[in-house]
Amino acid sequence: MLGDQLNRGIESLRDAHPSTTRVLVVRSAAKLASKRWHRQRLHVVLTAMRRFAAELRAEGFEVDERDAASLRAGLSEHRRRYRPERVVAMEPMSWSGLEMLAREGVGVVRSNQFLCHRDDFAGWAGDRDGRLRMEDFYRWQRRRLGYLMDGDEPAGGRWNFDADNRLPPPADDRDWPRPKAAALDEVDRQVLATLPGGAFGDTPTGLWPTSRRAALDRLAHVVDDVLPIFGPHEDAMLTDEWRLAHTMLSSSLNIGLLHPGEVADAIEDANRAGRAPLASAEGLMRQVIGWREYVWGVYWLWMPGYRDANVLEARRPLPPVYTGSPTRMRCVASALGGVEARGWAHHIQRLMVLGNLALLSGVEPQAMVEWMWASFVDGAEWVMLPNVVGMSLHADGGRMATKPYAAGGAYIRRMSDHCRGCAYRPGERTGERACPFTTLYWEFMARHEARFATNHRMAQPVRGLHRLGDLDAVRARAAEVLELLDAGEL
Ligand code: SF4
């Protein structure tokens with residue numbers, strides 16, 4: 001049983017019986033030492049592994065919970081000790097994991113952890129002549145799975161309510177839904193006592209579910225309190241409000257505590273029962289059966305070459321602001337404050353603040369993948385690689401997203417309240433008070449003008465670039481900004 005497959009229903013366990021099956025769980029020292037992990041990420045996975053092992057024991061299984069130098073070493077030790085007739089695992093969640101299991105002679109059964117198996121995604125992709133639009137995939141999923149459908153037509157006559165969901169922050173001082181945090185118990189304390197010294201970030205508060213029961217409680221909270229208002233402000237950012245109406249289900253989904261099918265069922269039921277408006281239900285359904293499964297599919301379709309994609313030739317090492325240097329950029333400080341406190345930031349903070357800064361400043365894609373993978377409670381290679389390489393850093397040249405998600409300070413000003421109290425000015429691109437996003441945006445456009453000139457979706461910014469009368473001054477300021485960024489002084 002792997003640490004991100006913590007569910008009794010996974011294919012390798014669902015028909016298992018204690019009389020014939022012993023369960024092996026390995027805590028790999030090599031994995032723990034492989035990155036500068038966020039404390040809460042490690043806590044979620046290691047605690048959930050322990051709790052699931054305890055549930056299996058309560059059911060009568062013998063569980064060999066083993067600390068070993070590596071997964072491979074743990075497997076060898078287990079084989080020496082118990083001499084099993086055969087070892088079986090479900091297809092793992094990573095390319096390197098699949099290679100390792102094959103090398104070690106582990107029998108691998110087909111994964112049922114997603115609604116669209118990677119072979120089915122490859123079949124869908126194979127019919128599409130290289131154009132893998134998420135929207136097409138999502139509609140295909142809706143049709144074949146039957147979610148939010150009236151016969152062959154989408155419920156309400158529309159496939160997509162996204163245009164209704166891009167509102168700036170609301171002006172009122174409303175109360176946002178509060179997820180329940182669980183009190184830490186003895187298992188939490190045991191895990192926390194064994195975390196590696198290099199881990200960073202605040203100590204867990206019980207916010208992230210570490211058991212199936214807690215994950216189901218979180219899902220119930222989402223359906224009752226979040227889903228009815230989900231959507232309209234999902235792209236907004238507020239300095240004093242980190243949750244807004246986000247579901248925070250991803251950490252549970254990504255380690256198997258929840259199955260995407262039960263989340264989709266819950267959304268469907270709430271909408272049919274009149275407890276969630278269609279626009280909200282559709283918005284969340286798109287994230288769960290659309291985006292999430294699409295990202296999973298492209299990871300497997302394009303690996304292993306995809307991890308080396310870097311068409312913009314971005315070579316900058318990860319700037320120190322991502323690993324703790326203070327910054328006067330208020331939007332960046334807010335997003336990174338959330339990462340430090342909870343191992344989490346919402347999708348627009350990830351894409352349009354943290355990712356955008358990395359894109360504009362030319363951070364090397366693999367460095368960004370590694371950082372995001374290690375720093376977020378829901379991190380995994382299959383999630384972060386397509387989101388960073390394809391969506392955020394445009395390192396695949398548009399295979400996944402047809403245009404780069406690059407933006408200057410004007411976008412962040414419109415979608416947040418950060419700029420009001422910031423040391424920088426979003427409308428200025430030169431001078432010491434110029435917003436770094438605005439300066440770097442124009443320098444980025446100038447640097448890649450030849451590439452973007454042939455992309456019709458970039459025609460407007462390229463025209464804007466041609467209208468700039470102060471490009472030399474922008475370039476000079478950009479050089480200063482990048483120097484300050486590298487020094488951790490921006
Ligand atoms: Fe961020 Fe620029 Fe706004 Fe400051 S002015 S908060 S750096 S977008």
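Residues are numbered from 1 along each chain as its sequence is written. In this predicted model local features need pLDDT of at least 70 and side-chain atom pairs count only at pLDDT 80 or more, while totals for chains, interfaces and linings use all residues, and side-chain values use heavy atoms, with hydrogens and water left out.

Visitor: Which cavity does the ligand sit in?

Guide: A cavity is, on a 1 Å grid over the protein atoms alone, a set of points where a 1.4 Å probe fits but cannot get out, whereas a pocket is an open set with protein on both sides within 12 Å along at least five of seven lines, and lining residues have an atom within 4 Å of a point. A molecule sits in one of these if more than half of its atoms lie within 2 Å of its grid points. By that rule, the ligand sits in the largest cavity.

Visitor: What volume does the largest cavity have?

Guide: For a volume, grid points are joined across faces, edges and corners, and the space filled by probe spheres set on the points is taken. The structure holds six cavities of 30 Å³ or more. For the largest cavity, the volume is about 90 Å³.

Visitor: Of the residues that line the largest cavity, which are the closest to its centre?

Guide: The lining divides into 10 nonpolar, two polar and two charged residues, where Ala, Val, Leu, Ile, Met, Phe, Trp, Tyr, Cys and Pro count as nonpolar, Asp, Glu, Lys and Arg as charged, and the others, Gly among them, as polar. H12, H16 and helix H17 (436-447) each supply at least two residues of this lining, helices (H or I, at least four residues) and strands (E, at least two) being DSSP runs numbered from the N terminus. Of the 14 lining residues, the closest to the centre are Cys331, Cys419, Cys422, Tyr424 and Cys435.

Visitor: Which helices each supply at least two residues of the shell around the ligand?

Guide: The shell is made of residues with a heavy atom within 4 Å of the ligand, and among them are Met329, Arg330, Gly409, Ile412 and His418. By class, this shell has eight nonpolar, two polar and one charged residues. The helices that each supply at least two of its residues are H12 (330-342) and H16 (409-415).

Visitor: Which helix gives the largest share of the lining of the second largest pocket?

Guide: This pocket holds about 970 Å³ of space, and of its 35 lining residues the closest to its centre are Asp4, Ser28, Lys31, Leu71 and Ser94. By class, the lining has 19 nonpolar, nine polar and seven charged residues. The largest share, five residues, comes from H2.

Visitor: How many residues apart are glutamate 62 and arginine 22, which link distant parts of the chain?

Guide: A salt bridge is a side-chain nitrogen of Lys or Arg within 4 Å of a carboxyl oxygen of Asp or Glu, and by this rule the count comes to 30. In one of them the side chains of glutamate 62 and arginine 22 meet at 3.2 Å, N to O. Glutamate 62 belongs to strand E2 (residues 62-68) and arginine 22 to strand E1, which places them 40 residues apart.

Visitor: In which helix do arginine 189 and glutamate 186 both lie?

Guide: These two residues form a salt bridge, with their closest N and O atoms 3.5 Å apart. They stand three residues apart, about one turn of the helix, and the helix that holds both is H7 (residues 186-193).

Visitor: Is leucine 148 buried or exposed?

Guide: Leucine 148 lies in the loop between helix H6 (134-145) and strand E5 (149-150), and its phi is near 50°, a positive value in a residue other than glycine. Buried means under 20% relative accessible area, exposed over 50%, and partly exposed in between (1.4 Å probe, protein chains only). Because its relative accessible area is 0%, leucine 148 is buried.

Visitor: What is the relative accessible area of arginine 83?

Guide: Arginine 83 has a positive phi of about 45° although it is not a glycine. Its place is in the loop between H3 and strand E3 (88-90). Arginine 83 is exposed, and its relative accessible area is 68%.
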